[in-house]
Amino acid sequence: MSTTTGTIPAVRTAPTRPAAPARRVAVRPVPAPVARPGSAPAPAAPVRPGADRIPGTGGREAGFRRDPLRIAARLSPLLGLGLSIALVVWGLDTGVLRSLTNLQAFIDSLGAWGPLAFFVVSAASVVFPIVPGGLLVIAGPVLFGAVEGTVLNYLAVCSGSLLNFLIARHVGLGLIERMFRPRTVEKFLGWTRSAHFTRAFALAIALPVAPDDLLCYIAGTTRMTWRTYVAIILLCKPWALIAYGLGVSALLLRFLPW
């Protein structure tokens, strides 16, 4: 039995089409949720210290000029200076300041209240700038004599300086930035980053050229121990008081027509 085999027809395949390029899907930013009336606001992110500083303003913070403490710190020296001028005018009018003898006689008439009032005002001026401290340091030897006036200056200034350290240690840097100019605070804060800050602080206290009140506050924000600070104040303060208080008061008494 014979079989006849024919040719097998070829199977044609459909031509493949090139794949279409993938379409780019534009991603639209998701709008921030709008708070509905009556809904509780979302909790705000914690603010880092110093994040509210305004750049380009030398460290000043928003609303810094309206701070009552800063305004009082700026106006109190002017108020104290005006009070000092008023006392000078009163002293010239009453004859108390006509001569050194009249002035010392008036101070002696006050008894213990005179040195006590001078001590309180001097110590308070170190903590808060009520009266320019330089005027009181000069006034001490003039009012009470070279020895007693220098001792009063020493006790008052040391007491105020110790209070500055305690206040800064318990309150922190925020109070200092409110009382003093931010640029000045930032300048002397750079001293604290040095390994020789203790030596620099002691030298500044001994010389009457640095803002001792501000430095005492800043020292309270560092790791300086209470014992080291007290030793620096008690041992270094007399030299500045002697050089400035006795020196300037001696020149003042020499050139005044008394």
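Ile-138 counts as buried because its relative accessibility is 12%, where buried means under 20% relative accessible area, exposed over 50%, and partly exposed in between, with a 1.4 Å probe and protein chains only. The model is a predicted one, in which local features need pLDDT of at least 70 and side-chain atom pairs count only at pLDDT 80 or more, while totals for chains, interfaces and linings use all residues. Residues are numbered from 1 along each chain as its sequence is written, and side-chain values use heavy atoms, with hydrogens and water left out.

Ile-138 belongs to helix H4, residues 133–144; helices here are DSSP runs of H or I with at least four residues, numbered from the N terminus. Setting aside neighbours within four places in sequence, Ile-138 is in contact with Tyr-244, Gly-245, Val-248, Ser-249 and Leu-252, contact meaning heavy atoms within 4.5 Å. Between Ile-138 and Leu-252 the C-alpha to C-alpha distance is 8.7 Å, although 114 residues separate the two in sequence.

We can now turn to helix H10. Helix H10 covers residues 226–255, 30 residues in total, and spans 42 Å from its first C-alpha to its last, close to the expected 44 Å; the expected span is 1.5 Å times one less than the number of residues. At Cys-236, shortly before Pro-238, H10 has a kink of about 35°, the bend being the angle between axes fitted to the seven residues ending there and the seven starting there. Buried residues of H10 include Cys-236, Lys-237, Gly-245 and Ser-249. The packing partners of the buried H10 residues are H4, H5 (146–171), H8 (197–206) and H9 (212–219).

What about charged pairs? The structure holds one salt bridge, defined as a side-chain nitrogen of Lys or Arg within 4 Å of a carboxyl oxygen of Asp or Glu. Asp-212 and Lys-237 form this salt bridge, with their closest N and O atoms 2.9 Å apart. Asp-212 lies in helix H9 and Lys-237 in helix H10, so the pair ties together parts that are 25 residues apart in sequence. Both partners are buried, Asp-212 with a relative accessible area of 12% and Lys-237 with 4%.

Note on methods:
Helix = DSSP H or I, 4+ residues; strand = E, 2+ residues; numbered from the N terminus.
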